[in-house]
Amino acid sequence: MRPAVAHTTLFSYLVTRPTGRTVRATVERQIADADRTVLAVLDLRHVPVIDFSCADEIVAKLVLLASDTSTRRSFILFRGIAEHHLGPIDSVLRRRGLAAAAESTDGEPLLMGALDPGATAVWREVWSLGRTGVSPLADRLELPLDRVRGLLDDLVARALVIRDGKRYVSLHHALLDAGPTSPAPTDRRDP
């Protein structure tokens, strides 16, 4: 399965709830306009500040949308996450019991928010492998097949991993599979 990719690059301080609401509404429109499953990529590399209200309004609410199985399936990947983004984002996700897949400014995988250690280990392995089945993953992690299958199902339900038939795909790998796309800037205001 190849999801449609919707890029959003942000270029300003994200410090008020109305600003966060506007950004989230833009991303939600991109998701709603797609005719298939969507991988929304939010690039925060040029965001010098994100406060708790914007983290809640943008990150937490988009993660909630992605994990809502009653709507069209969407996945969210946050890119360009710097140390100063982590505090507010991780805090609001943990408070709501949510988790989000991300990449640091160096392209390293980050799992932000609340997830049990077993699911975190499985998520990291899927990210590392890109695409895998349950059995190879269970062998690699030296865990029972049923345990790995349950953890993968939880990751899929939380929109942290994509199921493609009998295989599981990291959001990063799905983005690479989608091929080159050009980001669509949402906010060009300079700080």
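1. A quick definition to start: buried means under 20% relative accessible area, exposed means over 50%, and partly exposed is what lies in between (1.4 Å probe, protein chains only).

2. Some ground rules. This is a predicted model, with local features needing pLDDT of at least 70 and side-chain atom pairs counting only at pLDDT 80 or more, while totals for chains, interfaces and linings use all residues. Residues are numbered from 1 along each chain as its sequence is written, and side-chain values use heavy atoms, with hydrogens and water left out.

3. On to charges. Searching the whole structure turns up 16 salt bridges, a salt bridge being a side-chain nitrogen of Lys or Arg within 4 Å of a carboxyl oxygen of Asp or Glu. Helices (H or I, at least four residues) and strands (E, at least two) are DSSP runs, numbered from the N terminus.

4. Back to Arg 163: its side chain meets that of Asp 153 in a salt bridge, at 2.6 Å from N to O. This pair links distant parts of the chain, with Asp 153 in helix H6 and Arg 163 in strand E7 (residues 161–164), 10 residues apart. Asp 153 is partly exposed too, at 33% relative accessible area.

5. Helix H6 (residues 145–157) also holds both Arg 149 and Asp 146, which sit 3 residues apart, about one turn of the helix. They form a salt bridge whose closest N and O atoms are 3.1 Å apart. Arg 149 comes out partly exposed at 33% relative accessibility, whereas Asp 146 is exposed at 59%.

6. Glu 57 is one to look at: how far apart are the closest N and O atoms in its salt bridge with Arg 21? They are 3.8 Å apart. Here too, distant parts of the chain are linked: Glu 57 is in helix H2 (residues 52–67) and Arg 21 in helix H1 (residues 17–33), 36 residues apart. Glu 57 counts as buried because its relative accessibility is 0%, while Arg 21, at 41%, is partly exposed.

7. Last, the aromatics. Rings of Phe, Tyr and Trp (its six-membered ring) pair if their centres lie within 6.5 Å; planes under 30 degrees apart are stacked, over 60 edge-to-face, and the rest tilted. The count comes to 1 aromatic pair. Trp 123 and Trp 127 have ring centres 5.1 Å apart and planes at 40°, so the pair is tilted. Both residues lie in helix H4 (residues 117–129), 4 residues apart. Trp 123 is buried at 1% relative accessibility, and Trp 127 is buried at 10%.
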